Amino acid sequence: MSLPTSGGAIEMIVPPLVGDVHADRPDGRGAQWAIDVPPPVDLSRAQHNVVVLLIDNGLVSAGWRDYLAELLRAVGAGPGNWLLPFALTPNFARIPVVADVDVVDLHTMPAHLREQVFLNHVVHRVCRQISVADPVRVFISYASGDGGEIAREVARHLRLETDVDDFLDAHHIAGGDPFADILDATATGCALLAVNSDSYSSRLWCQREFLSAKRASMPVVVLDAITDRSVRAFPYLGNVPTVRWHSDSRTVLDRLVGVLLTETLRHRYFPLRAAEMCGKHGVALPSLLLVRPPELLTLLDLPRHSARSSSSVDLLYPDPPLGTEESRLLEKLDDSLRAVTPTMLFST
């Protein structure tokens, strides 16, 4: 998978590691593992590389030691490279080249969890390669009356089962701290998870945190935890990914982490991708980039762009395009808006 950026590309390269039986042993005592190795990985093709190494019994048993040693040397030769090894066997420690590298242990996990955990680690590393090297941090916004236990369960999972950081006010704000300033700064500097319980929409602080994150163009995900009813749904909870909550479900928690990381990757990657595509096609980069389709809140940011130009405002957001009814509504509210996706922009 190649993710181009303005200065090259981020590549996730998964070598075709041997994990299946290649041929029967002539003595009939079982199977022998193939010792064929793939061609060397060319890390010079990209500015950043994530090399995903799947360690199974075939890799441990085959003659890959020299190949892996060269691969590790190549990864260490560039500051934009990263080796991300996963263990599918307890024998992974027999590979000397990964002795000093933290290996993600998948073989002890239940089979139904492995794929999502694997994807979460890969997407998180790609997020960190694109921009900030620090782990992604998730601000958990919740109503203490009926969302506190869910928020604490999510925070425990992030802290104990992932390499993603969490921010929960009960744990990260000490007595005497200026909590309003801390909450505002955190909500506009992290991915935000809104635990949408029955009372969430009616809590002013929850509304403030959610709006702050959206207005700051931060990654936002909603965890739908309504159990009975909400008297009035907060109208700005839409236009973001939503995950349905089920208590005591490790599967839901891992999927939730995956959605948060994917949304963070979208926010970090799309502006770089848009700039690169416009450069290649000789098109001026639109004055406003959105990682999500435009909505009513978006219009609050348009006047300052309109004031600088008498022409229509170009707003670029990812495909697919909005439907006809949404587009018409936005046009009625601001007829200077020309909102397009890359497909629309480059087809005209």
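Q: Are Phe-210 and Phe-234 buried or exposed in this predicted model?
A: Both Phe-210 and Phe-234 are buried.

Q: What makes Phe-234 count as buried?
A: Phe-234 has a relative accessible area of 7%. Buried means under 20%, so Phe-234 is buried.

Q: Why is the pair of Phe-210 and Phe-234 called edge-to-face?
A: The ring centres of Phe-210 and Phe-234 are 6.3 Å apart, and the planes stand at 85°. Rings pair if their centres lie within 6.5 Å, and planes over 60 degrees apart count as edge-to-face; therefore this pair is edge-to-face.

Q: Where in the chain do Phe-210 and Phe-234 lie?
A: Phe-210 is in helix H7 (residues 204–215), and Phe-234 is in the loop between strand E11 (220–224) and strand E12 (242–244). The two are 24 residues apart, and the pair links distant parts of the chain.

Q: Which residues are in a cluster linked by ring pairs?
A: The cluster holds Phe-210, Phe-234 and Tyr-236. Phe-234 and Tyr-236 form an edge-to-face pair, with 5.4 Å from centre to centre and 70° between the planes.

Q: Why does Tyr-236 count as partly exposed?
A: Its relative accessibility is 29%.

Q: How many disulfides does the structure hold?
A: The structure holds zero disulfides.

Q: What makes Cys-127 count as buried?
A: Cys-127 has 0% relative accessibility. The cut-off for buried is under 20%, so Cys-127 counts as buried.

Methods
Residues are numbered from 1 along each chain as its sequence is written. This is a predicted model: local features need pLDDT of at least 70, side-chain atom pairs count only at pLDDT 80 or more; totals for chains, interfaces and linings use all residues. Side-chain values use heavy atoms; hydrogens and water are left out. Rings of Phe, Tyr and Trp (its six-membered ring) pair if their centres lie within 6.5 Å; planes under 30 degrees apart count as stacked, over 60 as edge-to-face and the rest as tilted. Helices (H or I, at least four residues) and strands (E, at least two) are DSSP runs, numbered from the N terminus. Buried means under 20% relative accessible area, exposed over 50%, partly exposed in between (1.4 Å probe, protein chains only). A disulfide is a pair of cysteine sulfur atoms within 2.5 Å.
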